[in-house]
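Me: I am new to this structure and would like to understand the terms used to describe it. Please show it before the discussion begins.

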Amino acid sequence: MNLNVQNLGFAHGSTATLEGINATFEAGRLSIILGPNGAGKSTLLACLAGLQKPNSGAAKLGDESISNMPTPARAKRIGLLPQGAETHWAITSEALVALGRIPHLRGVGASTNDRRAIAAAMHATATDGFAHRPITQLSGGERARVLLARVLAGEPEWILADEPLANLDPGYQLDILDLLRQQARGGKGVVAVLHDLQHAVRFADHVVLLHQGSVFAQGAVDDVITAQNLATVYGIDAHLSKDEDGATQLLIKGKMRS
Amino acid sequence: MTSRFMTGLLLLLTLAAFLLSLMAGKVWIWPMSWAADNADGWIFLELRLPRALLGLCVGAVLGLSGAVLQGYLRNPLADPTVLGVSASAALGGVLAIFSGINLVPFGLFGCAMIGAGASILLLLAIGRGGGSIGFILGGMVLSTLAGALTAFVISIAPNPFAASEIINWLMGALTDRLMEDVLTALPFMAIGALLLLTTGRALDALTLGENGARSLSIDLFRLQWLIVLGVGLSVGASVAVSGVVGFVGLIVPHVIRSFYGEQPSRILVPSALGGAILTLTADSLVRLIPGSGELRLGIAMAVLGAPFFLLLLLRYRKGAA
């Protein structure tokens, strides 16, 4: 089952932020949404997560319109890692991960199945070592993994991540990207909004490049991340080459001189 | 200490504070004379019992409302007064005293509840967008406006006696309430408290911010309704019978958090118990201070609560260092 967007338009008041978007995201792949600030990446992700209702067109899970799905059913199938890594109270890592089970909870307290899912999510993200530490005492990288575990605990078919690497150092960034790729390899659909082109080149199975509220290009990395596209969309002078292993290398030389 | 043990302890303390409130005063009334057919029995039934019940309920709803609002706004400085419900209920009560409606049975209570109800409707209209910022700004403006109008009514009061009666009522007290007043307020407080107790899971989800909560199927609009109605009914009714009792809703959730951890759903019931303990104890203390008049409840509350709170802060600072 795929996640697809058909002729989607979204407007804040009278200004259109997204127009005529068509895109398909396949399960089992790590799809990355790229685009400059203000291109509409987060809005597109919010439509996919069912948090925003498109003004025209639709975001669909298979044949079902996401904004028309009953909320608990939607929340069980589509997990969102929101932007900003917000955590407001000093609760333990385990309690935070347990929040991911909310769409599944019936009555009071967690079932054995809930506890199993929480343990599995913490194991997958290697966060079980600090299950009982308050999240306020964790490093940024540890906290990012706990927040991702929270999404995994809900056992969604789809994982949407809005800038999951913000404020992380390079090592932690790679940890999170590895985890997202692992989830995609495991059969889940993963869609992430990223800013880092290098990461996109290395990790993406599929890229959607947004520009001024429309899809500028989409497809395989080599077809989308080209020197010409980057020059038009970001205004940067980039050089792409293949290294001896056949992997694409991206070198950003500077801003385009106009 | 496990939280089950803590909750047991809180229940015991609540019971003890309730019994203390039944007994303590210029005249101590021991349990053997509660049913006696003499002055002691009369004092117990007509004065002590309604007063203790009121202390229990008012304290509980204030503690609970404070815990819910702090969780909802993700701000430890919030308390039941931020929504402007208490100020509006107080304005209603003040207008009742000013116009003499308070002499009619349930006149004061009715006017205060109308004040609370009006503020609830206004808040729901303001909060339609769903965000908590607009909602809280609306509450603060409402609170300021109602406060200003209250001050205006006091300043145009026809005689010094009316003015002092208004101020006395405003300062909050549990004295001289009839059993009928208490029984009228109880259902409102109970319904309000039940609504607030259902918000735990949504408040927990808000730990992840509004988008995180929404992606977990939390309906923030419904949550806002629950909070406005819950706080409106319970705090409105509490102000209607006992005036504005400050401090409880702000302090109690903090104290409870230091024992139970910060997860919003886990501190709701303990905050209600803590609120009841603080209010009942402060109100007993008020009666035990020697002197002719009675100390105001709000003052006793501050004297009891503030040092304890400061102690907690010191402990917390040490723990953080």
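Me: Into which domains is chain B divided?

Reply: Chain B is divided into domain 1 (79–244) and domain 2 (246–321); such bounds come from an automatic or database domain assignment. This is a predicted model, in which local features need pLDDT of at least 70 and side-chain atom pairs count only at pLDDT 80 or more, while totals for chains, interfaces and linings use all residues. Residues are numbered from 1 along each chain as its sequence is written, with chains lettered from A and ligands numbered from 1 in the order in which they are written.

Me: What makes domain 1 and domain 2 of chain B count as being in contact?

Reply: Two residues are in contact if their C-beta atoms, placed from the backbone, lie within 7 Å. By that rule, 14 residues of domain 1 of chain B are in contact with 12 residues of domain 2 of chain B. On the domain 1 side, helix 8 (residues 200–205) of chain B gives the largest share, 4 residues. Helices (H or I, at least four residues) and strands (E, at least two) are DSSP runs, numbered from the N terminus.

Me: Why are strand 6 and strand 10 of chain A called edge strands?

Reply: Two strands pair if DSSP finds at least two bridges between them. The open sheet of 6 strands in chain A has the order 6-7-8-3-9-10, with mixed pairing. Strand 6 (78–81) and strand 10 (214–219) of chain A each pair on one side only, so they are its edge strands.

Me: How do you know that strand 9 of chain A pairs with strand 10 of chain A?

Reply: The definition asks for at least two bridges, and 5 bridges join strand 9 (residues 206–211) of chain A to strand 10 of chain A; therefore they pair, and they run antiparallel. Within this pair, A:L209 stands opposite A:A217.

Me: Which residues touch the most other members of the largest nonpolar core, and what makes it a core?

Reply: A nonpolar core is a set of buried Ala, Val, Leu, Ile, Met, Phe, Trp, Tyr and Cys residues joined through C-beta atoms within 7 Å, where buried means that 20 or more other C-beta atoms lie within 10 Å of a residue's own. Of the 171 residues in this core, A:L48, A:L160 and B:A240 touch the most other members. Helix 2 (residues 39–73) of chain B gives the most to the core, with 15 residues.

Key:
A residue is buried if 20 or more other C-beta atoms lie within 10 Å of its own, exposed if 12 or fewer, and partly exposed in between; C-beta atoms are placed from the backbone.
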